[in-house]
Amino acid sequence: MSDFQIGDAVETLDDTITGRIITVQENTVYIETDDGFQMTFDASELVKIVGEISVSNYEVAQIKSEKEIPKKKKSHSIRPKERTAPKMEVDLHIHQLTESDKGMSNYDMLNLQLETAKRQLEFAIRKRIQKVVFIHGVGEGVLKEELKYLFGRYENVKYYDADYQKYGLGATEVYIFQNT
């Protein structure tokens with residue numbers, strides 16, 4: 001049997017919950033929190049608040065965060081991988097291209113995505129941007145295959161799966177040869 005009585009003020013050991021005991025049944029204690037919620041705890045998870053001077057776990061956490069030493073900001077140096085990072089990303093997810101896809105068939109959505117991809121690729125060629133990543137998502141692979149067909153029609157373009165760590169399987173990177 002625990003030492004808790006109905007009406008005792010208690011606090012949890014591992015959290016910032018405080019309240020008053022409303023029922024005790026062997027080692028199970030039912031409390032009403034200061035916020036008005038009823039919760040159940042094992043007696044070993046609670047501490048009785050005795051006396052007027054008490055410091056809650058919440059207050060300890062607040063003091064710790066105030067006294068925490070600010071961390072040094074790292075200076076940002078460009079790593080070799082970042083130097084060769086793509087200069088341009090094109091997200092072809094339908095919700096990025098239109099306000100609402102309501103009323104659009106799959107055919108309409110695919111055409112919008114392909115037109116956007118073609119327009120962005122031609123923009124990159126005009127602006128002499130060497131690398132473009134087209135984010136198409138995984139899905140059933142229809143858009144990815146259509147993009148490969150589109151890129152294959154350009155003589156100065158090479159395409160391959162984009163960086164897996166950054167994009168997973170849902171992106172294709174295009175390299176545009178500038179001196180052709």
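Visitor: Are Lys 131 and Glu 173 buried or exposed?

Guide: In this predicted model, both Lys 131 and Glu 173 are buried. A residue gets that label because its relative accessible area is under 20%.

Visitor: What do Lys 131 and Glu 173 form with each other?

Guide: Here is the general idea: side chains of opposite charge can pair when their charged atoms come close. In this case, Lys 131 and Glu 173 form a salt bridge, with 4.0 Å between the closest N and O atoms. Lys 131 belongs to strand β7 (residues 131–135) and Glu 173 to strand β9 (residues 171–176), so their pairing ties together parts 42 residues apart in sequence.

Visitor: How many salt bridges does a search of the whole structure find?

Guide: The search finds five. Another one of them joins Asp 8 to Lys 48, whose closest N and O atoms are 3.5 Å apart. This pair links distant parts of the chain, 40 residues apart: Asp 8 is in the segment before β1 (9–12), and Lys 48 is in strand β5 (residues 46–48). Asp 8 is buried, at 16% relative accessible area, while Lys 48 is partly exposed, at 34%.

Visitor: Where do Lys 148 and Glu 145 lie?

Guide: Both are in helix α5 (residues 142–152), three residues apart, which is about one turn of the helix.

Notes
Residues are numbered from 1 along each chain as its sequence is written. This is a predicted model: local features need pLDDT of at least 70, side-chain atom pairs count only at pLDDT 80 or more; totals for chains, interfaces and linings use all residues. Side-chain values use heavy atoms; hydrogens and water are left out. A salt bridge is a side-chain nitrogen of Lys or Arg within 4 Å of a carboxyl oxygen of Asp or Glu. Helices (H or I, at least four residues) and strands (E, at least two) are DSSP runs, numbered from the N terminus. Buried means under 20% relative accessible area, exposed over 50%, partly exposed in between (1.4 Å probe, protein chains only).
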